[in-house]
Amino acid sequence: MDLVFKPKFGLPLLYGVTGMVLYTWVCWAVVKNRYNLKSSFYKMFVVGYVMNMMTYINSFISLRVPQNTKINGYFATFFLEHDGHHPETKFPLYVFHTLHYQFAYSQYIYNCLLCLNRFTAIFKPLTSEMWWNKWFVHLALAIEGINVIDKHLLKMTFCVFFIDMFLTILSIFNAVITIWNPFPDSPWVAEWVLQLTPFASDVLTLSPPILLLYFSKTVRRKCVEIIPCLRKYSKHRFFVNSRSVAYVLPFQYNSQDELTR
């Protein structure tokens, strides 16, 4: 296939497949240790994995393969037979193109909810988990009196925010250039925006497992523990629990003497 040997297609394919394998590994570790990683943040991470996996697979059909297929390329005949000039066969590709925009907005909404989850964990530490488990995940978990908030997960959401902001700016530039063309004498501006957008989208899709591994030593340790040949390294300081802030809900304690009165 001629596509694989094109750097513009082969390089994203290489790091994309590697990123998805890493994503699957981290998600598997989170699901396998779901009784220890009870926070709603990790449940949202698993939901994000499913969404980002579908987004990445759909992008090959709706964006990557068409952009890198020449007029005499391997898939040229297929796309020519399923374009707008062939109403009887255009339906399948139109579905994938519609999903392309749907998944893009789903990613923005998901990341907004992720940032909101961390905000409520700081602003309302004693009631945040109860609210998210009830209304977002629809699973009621008992609050055991201690709600531990990992500050590193808050740092992760800041990174997600800046990635979203960068991609949003590119999307705005792309829309402005398409509608008004404010740089008629500088076509390189539109070309750069067009070239950067797929890579920025890849960062948005593939960054969650990398950020989670970087900021959470707990998840790093869990990922190592599920692989037998790496389990011996789980006690290394690189995988010890990160420092967290604990919020303890006070409770009334009655001594044995008070109970017998």
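The largest cavity in this predicted model has a volume of about 110 Å³. A cavity is a set of points on a 1 Å grid over the protein atoms alone where a 1.4 Å probe fits but cannot get out. The volume is the space filled by probe spheres set on the points, which are joined across faces, edges and corners. The structure holds 2 cavities of 30 Å³ or more.

**Largest cavity**
- Its lining (residues with an atom within 4 Å of a point) is made up of K8, F9, P12, Y15, R64, Q67, N68, P198, F199 and D202.
- Two or more lining residues come from each of α1 (7-32), α2 (40-67) and α7 (187-215); helices are DSSP runs (H or I, at least four residues) numbered from the N terminus.
- α1 contributes the most to this lining, with 4 residues.
- By class, the lining has 5 nonpolar, 2 polar and 3 charged residues.
- Nonpolar means Ala, Val, Leu, Ile, Met, Phe, Trp, Tyr, Cys and Pro, charged means Asp, Glu, Lys and Arg, and polar means the others, Gly among them.

**Second largest cavity**
- The second largest cavity has a volume of about 60 Å³.
- M51, N52, Q107, Y110, N111, V160, I163, L204, S207 and P208 line this cavity.
- At least two of its lining residues are supplied by each of α2, α4 (91-123), α6 (151-179) and α7.
- Its lining has 6 nonpolar and 4 polar residues, and no charged ones.

**Basis of the values**
- Residues are numbered from 1 along each chain as its sequence is written, and side-chain values use heavy atoms, with hydrogens and water left out.
- Local features need pLDDT of at least 70 and side-chain atom pairs count only at pLDDT 80 or more, while totals for chains, interfaces and linings use all residues.

Notes. 1 Å grid on protein atoms, 1.4 Å probe; cavity = no way out; pocket = protein on both sides within 12 Å on 5 of 7 lines; lining within 4 Å.
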